[in-house]
Amino acid sequence: MGIPKVYYIDAQCGPTLPEPVYEDVRQIWEDNELGNDFYMYNTSLENLEECDYPDLITYIKEQEPNIDPTDKIIVHWWW
């Protein structure tokens, strides 16, 4: 199988992400009842599309146009 490719998003508040994308990340934590003890969220575009996070999906596709819908994505958020 080899070494899998994993995409990583550091979703800290500030200049790293546009505000609507940051809000989608915040919503992921709320929707999944994650507190500030959870810093990483494993997902994929496929999963994000099912859960309806349009700004985050658009941002990922703009940054990585060749990403496969099943590629692993780790979203890191800590506040």
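How many bridges join E1 to strand E3?

**Entry 1: basis.** I worked from a predicted model, in which local features need pLDDT of at least 70 and side-chain atom pairs count only at pLDDT 80 or more, while totals for chains, interfaces and linings use all residues. I numbered residues from 1 along each chain as its sequence is written, and side-chain values use heavy atoms, with hydrogens and water left out.

**Entry 2: sheet.** I found five bridges joining E1 to strand E3 (residues 72-76), and the two run parallel. Strands (E, at least two residues) and helices (H or I, at least four) are DSSP runs, numbered from the N terminus; two strands pair if DSSP finds at least two bridges between them. I noted that His76 in E3 is the bridge partner of Asp10. The sheet is open, with three strands in the order E1-E3-E2 and mixed pairing. Its edge strands, each pairing on one side only, are E1 (6-10) and E2 (40-43).

**Entry 3: helices.** I looked up helix H1 (residues 19-31) and helix H3 (residues 54-63): their axes come within 7 Å and cross at roughly 120°. Axes are lines fitted to C-alpha atoms, for helices over the stretch in contact, and angles run from 0 to 180 degrees between N-to-C directions. H1 is therefore oblique to H3, the class left after roughly parallel (under 35 degrees), roughly antiparallel (over 145) and roughly perpendicular (65 to 115).

**Entry 4: contact.** I listed the residues in contact (heavy atoms within 4.5 Å): Pro20, Val21, Asp24, Val25 and Ile28 of H1, with Pro54, Asp55, Leu56 and Tyr59 of H3.
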